[in-house]
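Let's take a friendly walk through this model, one region at a time. Keep the structure open beside you as you read.

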Amino acid sequence: MNLVRAELERLAARRFVQLMVVLLAVAFAVTVLTTLGGSHRPTPVELSRAQSQAADEVRRMELAHDRCLRIKAGSLTPDENDYLPRECSQIDPAQSERLPTASDYLSGVFVFAKEAEPLLYFLIAFLALFGFLVGASYIGADLNSGGVVNLLLWRPRRPTVFATKLGTLLGGLLGLSVLASVAYLGAFWLIGQASGLTGRMDGEFWASLGAIWVRGLVLVLLTAALGFAVATLGRHTSAALGTVAAYLVVWELGARLVFQILEVARPDRYMLSSYLAAWLAGEVRLWDDSVCRPGISGFCDGSYTLTWGAGLVVLLGLTAALVAAAFTAFRRRDLV
Amino acid sequence: MSAVIEIAGLRKTFHTLRQGRRVAVDDFDMLVEAGQVHGFLGPNGSGKTTTLRALLGLVRPDAGRMSVLGASSPDRLPEVAGRVGAIVESPQFFGNFTAHRTLRLLALAGGAPTARVDEVLEQVGLRDRGGERVKGYSLGMKQRLAVASALLKRPELLILDEPANGLDPAGIREMRDLTRSLAAAGVTVLLSSHILAEIQLICDHVTIVSRGRRVAYGPVDEVLAGFDQHQWQVRVAELEQAAQVLGRAGLSVTGHPDRLVVTGVVDPEVISRTLGEQGLWVRELLPLRPDLESVFLELTGGHDHVAVPRQVDGAPPQDGVIDLDVRENREVDA
């Protein structure tokens with residue numbers, strides 16, 4: 001317990017951590033202030049006009065769906081402006097995931113229900129970057145500066161030291177992430193209340209936002225563990241940064257290009273970024289060029305889906321493998 | 001006396017892609033008993049730090065047995081870690097932390113009372129600078145901080161690797177006094193240093209290592225006595241005549257422009273009587289005792305090659321350059 005306290009204090013006292021927290025606070029303050037400055041509470045006239053525009057749009061969609069059905073049934077001849085999907089259900093407003101609402105037609109009005117999701121994605125992206133950098137520098141600087149040697153002279157149990165450091169990092173990061181997201185979303189909800197609209201926040205909205213939040217927190221913890229593991233293996237913070245840069249350049253850019261030249265089927269399924277997006281968004285729909293090649297007549301759907309489950313398996317598997325390798329290296333390595 | 005540190009047959013080889021295989025320590029033995037202030041001497045790269053790191057569980061030995069305070073190392077080292085204070089080679093600390101915070105965190109992590117922090121800062125002379133960031137410290141101050149960290153636990157065994165690094169003469173003296181006071185309080189001290197005069201002043205026992213092997217060990221006086229050639233420096237007015245007289249008496253004499261050196265004489269009375277009987281009066285008669293430096297240089301191959309740069313780490317000697325190979329293992333019973 002003392003070791004955890006000491007490590008937590010060391011983590012919190014690190015300049016880099018403090019700098020990143022200040023940056024988070026600054027980004028938070030700037031976003032809140034600009035949002036606050038650019039939003040106003042809509043007048044009844046603005047609201048009525050927006051509601052009318054939303055109703056018109058829904059009506060237009062219903063007409064388009066009805067027209068599609070009639071064309072498919074042969075009771076109507078299509079003209080050049082008609083959009084005809086394979087199934088008319090694709091443009092059925094009743095089956096649409098989201099119908100236009102008044103908030104879509106309000107200019108200069110912050111609507112929390114509409115903006116919460118992108119705001120949360122921004123926060124998750126920042127926290128994931130924060131987690132990776134702090135995770136890497138926390139152990140990297142310690143290994144490089146002799147801090148680990150000093151600690152091992154006091155606590156010559158390497159597995160305990162490794163596990164405590166990683167546990168402290170993840171625990172501290174989780175605490176900070178929860179606090180930051182509550183403060184962040186809470187502040188924007190207040191802006192919606194005071195100087196905009198909160199929008200429709202039904203159970204579905206909260207369930208969807210909650211799922212993104214939980215997946216985001218898991219991603220933040222995974223990136224922190226990844227940074228920690230790679231820096232442990234490379235004995236330096238820069239090892240983690242270099243590995244990420246090398247991966248992006250060599251694999252995400254270089255290998256993607258090679259796959260395209262060789263016309264490899266579904267190259268995106270070999271890219272970590274696809275699984276990351278799938279995990280964060282719930283699922284990601286990707287396009288496979290090799291399916292719909294010239295010569296294929298008629299409708300061709302070359303799309304395929306990666307689900308959050310596949311994303312979790314890949315991200316968790318990679319992180320677990322690297323953490324296990326780092327643990328083994330830390331346990332056996334000569335500290336010279 | 002009980003053994004505080006026991007090392008038998010320690011071997012450690014490092015493998016690197018660039019340099020290949022390098023034997024750092026080979027079949028090394030060491031014994032430090034309770035209450036000793038034990039000097040650990042050896043040239044750069046001779047394996048001192050590797051030995052200490054292996055003893056403290058920081059590097060994995062290839063072979064050999066080690067124990068600290070009766071617990072085998074590294075397996076049972078955690079059981080006695082709270083009784084061992086150690087600094088290994090230039091210790092480094094986070095520059096942005098103050099000395100006080102650095103020690104407090106170490107004490108917290110190691111379960112030592114944090115109230116000790118102020119005491120040890122005072123003990124090493126950093127009481128008034130403990131609130132400053134370590135990055136502003138000189139090398140000597142960092143060294144003092146390292147010693148303070150080793151003292152936090154009130155250790156029974158103190159392992160200090162080059163504690164005088166970066167210290168000014170006053171600091172070296174303070175470190176010497178501190179070591180003596182700790183030894184007087186019953187702390188066993190293992191001290192690795194290049195400052196041979198310091199070792200001779202502080203230590204009662206010594207182990208000398210060269211190219212990863214122990215080449216001499218035992219009480220300092222006995223190690224030195226093992227190299228005593230019973231030499232005497234003689235000054236008289238008539239040097240040439242005196243040399244002839246002593247030579248005729250069967251003594252081994254080496255002439256110098258201003259003095260004679262007589263070797264192999266246990267009782268100096270023989271010299272003064274021999275010369276006096278011939279009317280030659282001795283102005284000065286001094287024993288030439290070996291010091292640790294001369295013994296160290298002889299054992300580690302540093303003698304008589306003043307003009308030739310000695311190569312670190314016992315690299316194979318080139319023809320006609322220098323021979324660092326020490327084939328003699330002088331053992332002096334403790």
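## A buried phenylalanine in chain A

A:F330 is buried, with 23 other C-beta atoms within 10 Å. Here, buried means that 20 or more other C-beta atoms lie within 10 Å of a residue's own, exposed means 12 or fewer, and partly exposed is in between, with C-beta atoms placed from the backbone. You will find A:F330 in helix α10 of chain A. Helices are DSSP runs of H or I with at least four residues, strands are runs of E with at least two, and both are numbered from the N terminus.

Which residues does A:F330 contact, leaving aside its neighbours within four places in sequence? They are A:R158, A:F162 and A:T232, where contact means that C-beta atoms, placed from the backbone, lie within 7 Å. A:T232 is 98 residues from A:F330 in sequence, yet their C-alpha atoms are 7.1 Å apart in space.

A word on the model itself: it is predicted, so local features need pLDDT of at least 70 and side-chain atom pairs count only at pLDDT 80 or more, while totals for chains, interfaces and linings use all residues. Residues are numbered from 1 along each chain as its sequence is written, and chains are lettered from A and ligands numbered from 1 in the order in which they are written.

## Two helices crossing in chain A

Stay with α10 (residues 308–332) of chain A, and look for helix α9 (residues 272–281) of chain A: their axes come within 7 Å and cross at roughly 125 degrees. Axes are lines fitted to C-alpha atoms, for helices over the stretch in contact, and angles run from 0 to 180 degrees between N-to-C directions. α9(A) and α10(A) are therefore oblique to each other; angles under 35 degrees count as roughly parallel, over 145 as roughly antiparallel, 65 to 115 as roughly perpendicular and the rest as oblique. The crossing is left-handed, a term used if the near helix is turned anticlockwise from the far one by less than a right angle, with right-handed for clockwise.

From α9(A), the residues A:Y275, A:L276, A:A278 and A:W279 meet A:W308, A:A310, A:G311, A:L312, A:V314 and A:L315 of α10(A). This contact has nine nonpolar residues, one polar and no charged. Ala, Val, Leu, Ile, Met, Phe, Trp, Tyr, Cys and Pro count as nonpolar, Asp, Glu, Lys and Arg as charged, and the others, Gly among them, as polar.

## Where the chains meet

The contact between the chains takes 24 residues from chain A and 25 from chain B. On the side of chain A that touches chain B, the elements giving two or more residues are α1 (2–13) and α5 of chain A. By class, that side has 11 nonpolar, five polar and eight charged residues.

Helix α5 (residues 147–154) of chain A pairs with helix α3 (residues 99–110) of chain B: the axes come within 9 Å and cross at roughly 45 degrees. The crossing is right-handed. A:N150, A:L151 and A:W154 meet B:L106, B:A109 and B:G110 here, and the residues of this contact divide into four nonpolar, two polar and no charged.

## The nonpolar cores

The largest nonpolar core has 142 residues, and those touching the most other members are A:A224, A:A225, A:F228, B:A148, B:L191 and B:I208. Such a core is a set of buried Ala, Val, Leu, Ile, Met, Phe, Trp, Tyr and Cys residues joined through C-beta atoms within 7 Å. Helix α4 (residues 112–145) of chain A gives the most to this core, with 14 residues. A second, separate core of 10 residues includes B:V234, B:V236, B:L260 and B:I271.

## Backbone details in chain B

Chain B has 11 helices and 15 strands, and 42% of its 334 residues count as buried. A cis peptide bond, with omega about 5 degrees, joins B:S73 and B:P74. B:P74 sits in the loop between β5 (71–72) and α2 (77–80) of chain B.

B:L69 is not a glycine, but has a positive phi of about 50 degrees. B:L69 lies in the loop between β4 (63–68) and β5 of chain B. B:R211, also not a glycine, has a positive phi near 50 degrees. Is B:R211 buried or exposed? B:R211 is buried, with 22 other C-beta atoms within 10 Å.
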